[in-house]
Amino acid sequence: MTQSNTPAGSKDARALPVACLLGPTASGKTAAALAYAAQQAAHGRTVEIVSVDSALVYREMDIGTAKPGVEERAAVAHHLIDIVDPVDAYSAADFRADALRVTGEIVARGNVPLLVGGTMLYYKALTQGLNDLPSADPAVRAQLDADAAREGWPAMHARLAQVDAATAARLAPNDSQRIQRALEIYMLAGQPMSVLLATPSTREDEAARYRFVPVALEPSERGVLHARIAARFDAMLAGGLVDEVKTLRARGDLNPNLPSMRCVGYRQVWEYLDGAIDYDTMRDKGVFATRQLCKRQLTWLRAMPERIVVDCCAADATAQAVTAVAAVAAAERTGG
């Protein structure tokens with residue numbers, strides 16, 4: 001376990017330290033969070049988990065999101081899970097407002113908040129504030145979708161490169177969701193997303209009450225995590241992921257362009273059910289997409305010099321993570 005001396009979040013010594021257990025897919029976040037909650041319960045302290053996951057917010061999406069089960073959620077209170085219908089959007093701004101509200105309520109109850117997840121954009125929005133980005137516009141998105149259907153997403157990527165080269169350079173030519181959002185922002189704001197994101201944001205709000213401390217589960221051996229990812233996706237398929245997506249499709253109000261259906265696993269199964277790919281290809285694409293997600297998550301994490309790093313490949317990774325999170329909570333109790 002390694003730790004930086006750089007403080008996280010607010011520099012105000014009076015700010016309340018809040019541990020944030022972060023990590024890529026299949027790194028063991030849930031196991032560590034539940035183990036920490038059990039440890040604290042043995043000492044008479046109640047932990048409540050605040051999910052930092054853009055897929056877990058959706059109802060009816062349980063298998064492909066590896067949503068905590070009924071028993072896990074009965075043992076420890078979980079927040080920001082099953083709060084949005086899959087047809088609806090949920091933004092980083094929505095998360096920030098909800099997470100700050102829920103964290104405040106947990107503290108007011110005298111309990112211990114623990115943030116857990118891997119959606120790094122949510123964590124960045126929470127800890128650094130939000131830049132002044134325009135909200136989604138259905139008309140603009142419909143126009144971009146129509147253009148993409150005619151020209152293809154690689155062509156849209158080339159279009160983005162003409163107006164926002166910095167953003168285009170970090171996106172794959174078929175990353176439709178992010179290409180669309182970057183083009184939408186340019187069309188609505190008249191400025192590149194990269195410029196807007198570089199504009200300092202403010203945190204003169206409830207977030208200043210807290211000092212968010214990231215405890216990061218990261219792999220010392222990428223191959224170990226890749227093997228876990230493959231086993232995890234296979235388990236989801238065996239557990240009924242295809243039937244889950246069939247049920248979602250049968251609603252009649254969902255489509256593959258919605259953020260919920262763009263989640264890793266759901267997009268690939270939807271494509272399979274459309275008959276565009278066979279089962280084995282769907283499985284391979286799902287594993288590959290999860291690995292790409294993991295890579296992006298690790299890139300975000302490694303840009304946080306203040307994080308406390310736990311090797312998720314270590315035999316005692318869960319115990320190390322519990323120790324790190326407990327140290328954050330102990331600092332809160334001692335005022336350090």
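**Close-up views of a predicted model**

View 1. A26 counts as buried, because its relative accessibility is 12% and the cut-off for buried is under 20%. This is a predicted model, and here we look at the loop between β2 (16–22) and α1 (29–42), where A26 is found. The backbone deserves a glance too: A26 is not a glycine, yet its phi is positive, at about 70°. For context, most residues other than glycine have a negative phi.

**View 2. A66, another alanine with a positive phi.** The loop between β3 (47–52) and α2 (70–75) holds A66. Its phi is near 55°, a positive value in a residue other than glycine. A66 counts as partly exposed, with a relative accessibility of 33%.

**View 3. The aromatic pair of Y90 and Y122.** The structure holds 4 aromatic pairs, and this view shows one of them, with ring centres 6.2 Å apart. The planes of Y90 and Y122 meet at 65°, so the pair is edge-to-face; planes over 60 degrees apart fall into that class. Y90 sits in the loop between β4 (77–79) and α3 (92–108), while Y122 belongs to helix α4 (residues 120–128), so the pair ties together parts that are 32 residues apart in sequence. Are these two tyrosines buried or exposed? Y90 is buried, with a relative accessible area of 12%, and Y122 is buried as well, with 4%. If you widen the view to take in F95, you will find that ring pairs link Y90, F95 and Y122 into a cluster.

**View 4. The aromatic pair of Y272 and Y279.** Here the ring centres of Y272 and Y279 lie 5.6 Å apart and the planes stand at 80°, so this pair is edge-to-face. Y272 counts as partly exposed, at 26% relative accessibility.

**View 5. An arginine over a tryptophan ring.** R249 lies over the face of W270. The distance from the ring centre is 4.8 Å.

**View 6. Helices α5 and α6 in contact.** Two packed helices are described by the angle between their axes and the distance between the axes. For helix α5 (residues 138–151) and helix α6 (residues 153–163), the axes come within 7 Å and cross at roughly 120°. The two helices are therefore oblique to each other. On the α5 side, the contact is made by L144, D145, D147, A148 and E151; on the α6 side, by W153, A155, M156 and R159. Sorted by class, this contact has 5 nonpolar and 4 charged residues, and no polar ones.

**View 7. E218 and its neighbours.** Which residues does E218 touch, not counting those up to four places away in sequence? They are L298, L301, R302, R307, V309, V310, D311 and C312. E218 itself lies in strand β6 (residues 210–218) and is buried, with a relative accessible area of 6%.

**View 8. T318 in helix α14.** T318 has its place in helix α14 (residues 317–334). With a relative accessible area of 34%, T318 is partly exposed. Leaving aside residues up to four places away in sequence, T318 touches A31, A32 and A35. For a sense of scale, T318 and R296 are 22 residues apart along the chain, and their C-alpha atoms are separated by 23 Å.

Definitions and conventions: Residues are numbered from 1 along each chain as its sequence is written. This is a predicted model: local features need pLDDT of at least 70, side-chain atom pairs count only at pLDDT 80 or more; totals for chains, interfaces and linings use all residues. Side-chain values use heavy atoms; hydrogens and water are left out. Rings of Phe, Tyr and Trp (its six-membered ring) pair if their centres lie within 6.5 Å; planes under 30 degrees apart count as stacked, over 60 as edge-to-face and the rest as tilted. Helices (H or I, at least four residues) and strands (E, at least two) are DSSP runs, numbered from the N terminus. Buried means under 20% relative accessible area, exposed over 50%, partly exposed in between (1.4 Å probe, protein chains only). A charge sits over a ring if NZ of Lys or CZ of Arg is within 6 Å of the ring centre and within 35 degrees of the ring normal. Axes are lines fitted to C-alpha atoms, for helices over the stretch in contact, and angles run from 0 to 180 degrees between N-to-C directions. Angles under 35 degrees count as roughly parallel, over 145 as roughly antiparallel, 65 to 115 as roughly perpendicular and the rest as oblique. Contact means heavy atoms within 4.5 Å. Ala, Val, Leu, Ile, Met, Phe, Trp, Tyr, Cys and Pro count as nonpolar, Asp, Glu, Lys and Arg as charged, and the others, Gly among them, as polar.
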